[in-house]
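Subject: Structure handover

Hello,

Here is the structure you asked for. My notes on what turned up in it follow below.

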Amino acid sequence: MWFMEEVGELAAALRAGEDREHLRHEFADVLAWLATLANIAGVDLDEAVEQLYGSGCPKCRCCPCACVAAKP
Ligand SMILES: [Zn+2]
């Protein structure tokens with residue numbers, strides 16, 4: 001639940017156009033809670049990200065992903 005709360009705070013900050021420092025804080029909170037949940041679930045987050053995204057986006061292979069930009 002705290003993770004979802006932090007995601008909500010990040011979404012609100014992005015939507016409100018908050019400054020970079022505020023966004024840094026919200027992104028860090030989301031990442032910290034995501035890492036905590038992965039640890040609790042016994043998932044090696046570094047390994048999972050490397051396996052899925054180590055070569056860029058699984059669809060377009062770009063990094064950062066270009067899929068959103070390609071959508072109409
Ligand atoms: Zn992509």
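A search of the whole structure turns up one salt bridge, a term used here for a side-chain nitrogen of Lys or Arg within 4 Å of a carboxyl oxygen of Asp or Glu. The partners are R24 and E21, whose closest N and O atoms are 3.4 Å apart. They sit three residues apart in helix α2 (residues 20-41), so about one helical turn separates them. R24 is exposed, with a relative accessible area of 54%, and E21 is exposed at 53%. (Exposed means over 50% relative accessible area, buried under 20%, and partly exposed in between, with a 1.4 Å probe and protein chains only.)

Before the rest, some ground rules. This is a predicted model, in which local features need pLDDT of at least 70 and side-chain atom pairs count only at pLDDT 80 or more, while totals for chains, interfaces and linings use all residues. Residues are numbered from 1 along each chain as its sequence is written, and side-chain values use heavy atoms, with hydrogens and water left out.

Helices here are DSSP runs of H or I with at least four residues, strands are E runs of at least two, and both are numbered from the N terminus. Helix α3 covers residues 45-53 and includes L52. The helix is hardly covered: among its nine residues, the count of buried ones is zero.

L52 counts as exposed because its relative accessibility is 52%. Together with V49 and Y53, L52 forms a nonpolar surface patch with about 310 Å² of accessible area. Such a patch takes residues with over 30% relative accessible area and no salt bridge, joining nonpolar side chains (Val, Leu, Ile, Met, Phe, Trp, Tyr) within 5 Å and like charges within 9 Å. The areas come from the Shrake-Rupley method with a 1.4 Å probe.

On cysteines: the whole structure has zero disulfides, defined as pairs of cysteine sulfur atoms within 2.5 Å. C65 is partly exposed at 40% relative accessibility, and C67 is partly exposed at 21%. C67 belongs to helix α4 (residues 67-70).

Regards
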